[in-house]
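Good morning, colleagues. Please look at the structure on the screen while I take you through its architecture.

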Amino acid sequence: SVLHPFSFMPNLKHKTEEDISKEFTYIKEGMGSWVFDKEGKNYFYATTAVPSVGLGNPRIINAMTNQFHKLSFSSTCGQMHELLQPLTKKLIELTDNQFSLAFYTNDGSGAVETAIKLTRQYFNELNQKEKSCFISLDGNYHGTTIASGSVTNMGIKEAFGVQIPGCFSAPFPNMLRPPIDGTEDEIVDFCLQQLINTIEKVGPEKTAAILVEPVQGVNGIIPANKRYLKEVEKIAKANNILLIADEVTTGLGRTGYWTASQYYGIEPDLLTISKGLTGGYFPMGVTFMTEKIENVLLKEGGIFLHGATQCGHPVGCAAALELISIIEEDNLLKNARDIGQYIKTRLKISLQDIPNVAEIRGLGMMISIELADKQTREPINFKDGEILSKKLKTQGILGNYFNSILLLYPPLNTSLLDADFVIDNVTKAFKNVF
Ligand code: PMP
């Protein structure tokens with residue numbers, strides 16, 4: 001489908017521009033929250049969770065341009081440039097000084113890969129080499145590399161054959177599609193017990209880390225239950241297991257908090273961010289680690305055996321620093337919370353008579369509408385979904401439509417006027433199809 005969340009590389013060698021624009025949204029230009037296709041039709045860009053302050057932001061472009069002129073590249077392998085320390089200090093401050101070190105990567109998958117490798121290195125250094133297994137939750141998405149793909153539980157990794165050994169899964173308390181029938185508390189208790197059982201099966205002495213996505217993104221924007229996450233943190237600590245919060249999507253403002261972990265009140269040992277770090281102006285990621293981990297990894301003279309040549313790029317750092325200033329000065333965390341809530345509340349009213357709308361949920365500027373039979377919870381048929389995603393495009397909304405769930409990621413600086421556009425046109429699309 002045109003709004004599938006995974007990227008396809010079409011055979012560009014043999015296709016004409018016209019063929020491609022039939023299959024894909026062919027974006028020519030973008031400004032603020034809006035993109036324009038070849039014909040000049042405009043779409044509200046509510047996809048990917050990347051543009052935090054929209055496209056073409058003059059302040060960010062200016063900061064990057066100045067940096068390009070001053071120092072367009074330097075590596076972080078045995079070198080340092082003047083923006084890396086200010087950005088690192090700022091990021092550590094924004095995450096409540098829970099972390100002592102930020103390790104830069106080129107994307108989100110790289111940040112998760114780094115968290116997995118540093119976890120292994122941590123236990124190796126502690127002479128607990130057998131502690132090398134990972135538990136991640138059903139429906140989690142963690143990335144495209146072999147290790148980040150191995151802890152992804154979305155029916156994708158099987159296609160690639162090879163997975164890293166020692167990856168296990170436990171149920172996620174998805175309240176619309178729960179692993180058992182019961183109240184919210186019963187479902188949470190069940191999932192916690194299953195996690196404990198999985199740790200016992202693997203062996204706590206072999207379990208290195210538990211990976212959580214505080215709000216599952218690709219799987220349908222499903223916020224975790226608060227008590228569940230707090231208990232997972234306790235279980236991890238009690239068993240000398242590290243907690244990795246994958247905040248590649250939720251990190252740096254998307255949920256209306258700098259991190260979703262702050263909203264949930266959890267303190268992971270490692271935390272990854274990427275999409276919101278530069279808001280799409282430069283591909284970058286970060287893996288944070290606590291002092292406890294840093295102290296072990298740095299004990300042998302401070303040499304990391306992991307790191308990419310172009311990570312911590314000066315132009316990316318300039319973009320990130322400017323973006324953070326904009327979020328702070330324009331009070332965009334609050335805007336993300338308020339406008340996100342406004343969109344959800346109004347959609348719940350405007351879509352209340354549509355029989356197939358089973359749930360409207362999210363946190364901040366992560367909003368999803370799940371289509372399913374309200375009684376049986378069976379997903380709607382694929383054809384209706386395809387028609388809906390086409391209709392949304394006609395109505396000028398670019399979202400992601402996947403597994404009968406519409407995912408909307410409006411920029412953090414979405415205005416009330418644009419929020420009304422989203423609400424009105426999503427409603428029109430639904431009313432037209434159902
Ligand atoms: N973790 C999560 C939670 C994600 O949502 C994603 C991207 N969808 C990734 C990791 C991988 O990030 P990237 O696509 O930048 O490699």
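This is a predicted model: local features need pLDDT of at least 70, side-chain atom pairs count only at pLDDT 80 or more; totals for chains, interfaces and linings use all residues.

The chain contains 14 helices and 17 strands. Its radius of gyration is 22 Å, close to the 22 Å that the globule rule gives for 434 residues, so the chain is as compact as a globular protein of that length. Along the principal axes, the C-alpha trace extends over about 60 × 60 × 45 Å. Of the 434 residues, 46% are buried.

Let me turn to the domains. The assignment divides the chain into domain 1, built from 17-56 and 332-433, and domain 2, which covers 59-329. Their centres, taken over C-alpha atoms, are separated by 27 Å. How many residues of each domain are in contact with the other? On the side of domain 1 there are 27, and on the side of domain 2 there are 23. Which elements give two or more residues to the side of domain 1 that touches domain 2? They are helix 12 (332-350), strand 13 (357-363), strand 14 (366-371) and strand 17 (405-408). By class, that side of domain 1 consists of 15 nonpolar, seven polar and five charged residues.

Next, the ligand. It is surrounded by 15 residues, of which D107, G108, S109, G143 and V248 are the closest. Helix 4, residues 108-125, gives the most to this shell, with three residues. The composition of the shell is four nonpolar, eight polar and three charged residues.

I now come to helix 11, residues 314-329. With 16 residues, helix 11 reaches 23 Å from its first C-alpha to its last, close to the 22 Å expected at 1.5 Å a residue. Its buried residues are P314, V315, G316, C317, A318, A319, A320, E322, L323, I324 and I327. What do these buried residues pack against? Their partners are helix 2 (58-70), helix 3 (84-94), helix 9 (275-278) and helix 12. Just after helix 11, N331 adopts a positive phi of about 55°.

One of those partners leads to the first of my two residues. A63 lies in helix 2. Is A63 buried or exposed? The threshold for burial is 20 or more other C-beta atoms within 10 Å. A63 has 23 such atoms within 10 Å, and A63 is therefore buried. A63 and E93 are 30 residues apart in sequence, and their C-alpha atoms are 21 Å apart in space.

The second residue is G182, placed in the loop between strand 6 (167-170) and helix 6 (184-202). G182 has 12 C-beta neighbours inside 10 Å, so G182 counts as exposed. Setting aside neighbours within four places in sequence, G182 is in contact with I187 and F190. G182 and E291 are 109 residues apart in sequence and 40 Å apart in space, C-alpha to C-alpha.

Thank you for your attention.

Key: Residues are numbered from 1 along each chain as its sequence is written. Domain bounds come from an automatic or database domain assignment. Two residues are in contact if their C-beta atoms, placed from the backbone, lie within 7 Å. Helices (H or I, at least four residues) and strands (E, at least two) are DSSP runs, numbered from the N terminus. Ala, Val, Leu, Ile, Met, Phe, Trp, Tyr, Cys and Pro count as nonpolar, Asp, Glu, Lys and Arg as charged, and the others, Gly among them, as polar. A residue is near a molecule or strand if its C-beta atom, placed from the backbone, lies within 6 Å of it. The radius of gyration is taken over C-alpha atoms; the globule rule is 2.2 Å times the number of residues to the power 0.38. The expected span of a helix is 1.5 Å times one less than its number of residues.
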